[in-house]
Amino acid sequence: MTAILKNLIGGEWVDGAGITRNINPSNTNDVVGEYARADKAQTEKAISAAKAAFPAWARSTPQERYDALNRISIDILSRKEELGKLLAREEGKTLPEGIGEVARAGQIFAFFAGEALRLTGEKGPSVRPGLEVEISREPLGVVGMITPWNFPIAIPAWKIAPALCYGNAVVFKPAELVPGSAHALSEIIARSGIPAGVFNLVVGSGSVVGQTLLEHPDVAAISFTGSVSTGRKIAQACVLSTPMKKFQLEMGGKNPLIVLDDADLKVAVECAVNGAYFSTGQRCTASSRLIVTAGIHDRFVEALTERLKGLSVDDALKAGVHVGPVVDQSQLDQDLRYLKIGKDEGAKLHWGGELLNRETPGYYLQPALFTEASNAMRIAREEIFGPVAAVIRAKNYEEALAIANDTDFGLASGICTTSLKYASHYKRNSEAGMVMVNLPTAGVDYHVPFGGRKGSSYGAREQGSYAREFYTTVKTAYTNPG
Ligand code: ADP
């Protein structure tokens, strides 16, 4: 029996009020670990530990913050194979994807180590004679982080690193499906020299741990990534709490990838395969709507189908696997439900969609491609969050653009074309926060802003130096030097 891994509260590793069992989706007989589940009282303790630790951390020097964040980065990067394997084992993305994600987390901490040294203010003349005006940024206080299971280390990293960089204290609530990566990251942070209580881990459910963070008056802000329905609840709770909380929401996507007649077919197929199916399609930036103009439609569908036939869907830890399993039974049920909805709506299930048997019991689903879909269908409007994409035929660029923008979401969008004219027009007119030309909709840099429009995002952007908009509050100070 392995030890039950604990929560981190006020610098102490403490037992929980229950146990979360972490199951490998590639092999449901494999228990990755057992994790102490925090309750309401422990979450409150974590919040008060963070509150107590906050003032000293808020006054810490940029050098201290640089040193701690840099140590975290070095530690993560030096263990990327081991942590990548843990991540792939508990979440189901392939080993190279898992290692890549861990490396990304390390790079994010390195970036924010540097940002700690770059925080400056402004000073200027007043409109009133003789007075001085200074504008500076200060940390918010205790920030609660509520994160999803699909990027178990990168998403926590892109919230925790800027929060600490700008002098906030953190209470981190990871998704229950991926406590292993959260625990490993927390251990690294705990060893970084950051004072006890500045960073706390509470593993537990949204309805208990999450809700306690949302209701507690000592939590100044919430950074959330997850579903639209939970995001809505979080927004309501943050506005209703006294004092109101600052909040930032990253939610779903229904991201379009346009393929124009003049596209390089190979590039277009690679963008579609990567964007729609890698990471088992479980990315908020996944290309789930493939909008293809008439002149290339049949060639594109044929080439994409050939490419799908060559994908290996298997245990995430096996060498050479392209697509790992779906994360759990409930997500698999959702994927299968949408496959039925698509067929019932009149789309053609052109390829895939079957459950697959592999050596070990797991949630294996053949990547699925719908054709003859319309943008009005539910499979084109609602986020499925699985390896399912729908091809929508468009007459020309103008119609493709209109279809791409006809969505409640606006996270990422892409176009495959060799025309500078259409590429430029699309960059200007796409109603998404992130636009890709001849690239998959998924896959972004960490030193520039990440976020969307419409129903995909709410509040300040994440990542890059834009992250400071959320993790700091601006102070304007006036002086009469006399
Ligand atoms: P997904 O299951 O796609 O990751 P969710 O929105 O259900 O999306 O979950 C994202 C995160 O939000 C998880 O950490 C989950 O535990 C948390 N969560 C779910 N419901 C609530 C809630 N009512 N209050 C606070 N957090 C919640």
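**Pockets, terms.** Before looking, I wrote down what I would count: on a 1 Å grid over the protein atoms alone, a pocket is an open set of points with protein on both sides within 12 Å along at least five of seven lines, while a cavity is a set of points where a 1.4 Å probe fits but cannot get out. Lining residues have an atom within 4 Å of a point. Grid points are joined across faces, edges and corners, and a volume is the space filled by probe spheres set on the points.

**Ground rules.** I am reading a predicted model, where local features need pLDDT of at least 70 and side-chain atom pairs count only at pLDDT 80 or more, while totals for chains, interfaces and linings use all residues. Residues are numbered from 1 along each chain as its sequence is written, and side-chain values use heavy atoms, with hydrogens and water left out.

**Domains.** I noted a split into domain 1 (7–251 + 456–479) and domain 2 (256–437); such bounds come from an automatic or database domain assignment. The C-alpha centres of the two domains are 31 Å apart. I then looked up their contacts (heavy atoms within 4.5 Å): 24 residues of domain 1 meet 28 residues of domain 2.

**Largest pocket.** I looked up its volume and found about 1,000 Å³. It has 35 lining residues, with Trp149, Phe224, Gly226, Ser227 and Thr230 closest to the centre. For elements I used DSSP runs numbered from the N terminus: helices (H or I) of at least four residues and strands (E) of at least two. Helix H7 (206–215), strand E11 (219–225), helix H8 (228–240) and helix H11 (329–345) are the elements that give two or more residues to this lining. Each of domain 1 and domain 2 supplies at least three residues of it. I sorted residues by class: Ala, Val, Leu, Ile, Met, Phe, Trp, Tyr, Cys and Pro as nonpolar, Asp, Glu, Lys and Arg as charged, and the others, Gly among them, as polar. The lining of the largest pocket comes out as 15 nonpolar, 15 polar and five charged.

**Second largest pocket.** Here I found about 400 Å³ and 22 lining residues, with Arg104, Phe151, Arg283, Gly443 and Val444 nearest the centre. Helix H4 (95–118) gives the most to the lining, with five residues. By class I have eleven nonpolar, six polar and five charged.

**Cavities.** My search of the whole structure turned up two of 30 Å³ or more.

**Gln282.** I found this residue in the loop between helix H9 (265–277) and strand E14 (287–293). Is it buried or exposed? The scale is relative accessible area with a 1.4 Å probe, protein chains only: buried is under 20%, exposed over 50%, partly exposed in between. Gln282 is at 1%, so I put it down as buried. Leaving aside neighbours within four places in sequence, its contacts include Glu91, Trp149, Asn150 and Phe385.

**Cores.** By a nonpolar core I mean buried Ala, Val, Leu, Ile, Met, Phe, Trp, Tyr and Cys residues joined through side-chain atoms within 4.5 Å. The largest has 55 residues, and Phe109, Phe112, Ile160, Leu164 and Ile189 touch the most other members. Helix H5 (residues 154–165) contributes the most, with nine. A second, separate core has 29 residues, including Met377, Ile384, Val388 and Ile415.

**Ala50.** My last stop was helix H1 (residues 40–58), where Ala50 is found. Ala50 has 0% relative accessibility, so it counts as buried. Not counting residues up to four places away in sequence, Ala50 touches Val142, Ala169, Val170, Val171, Gly197 and Asn200.
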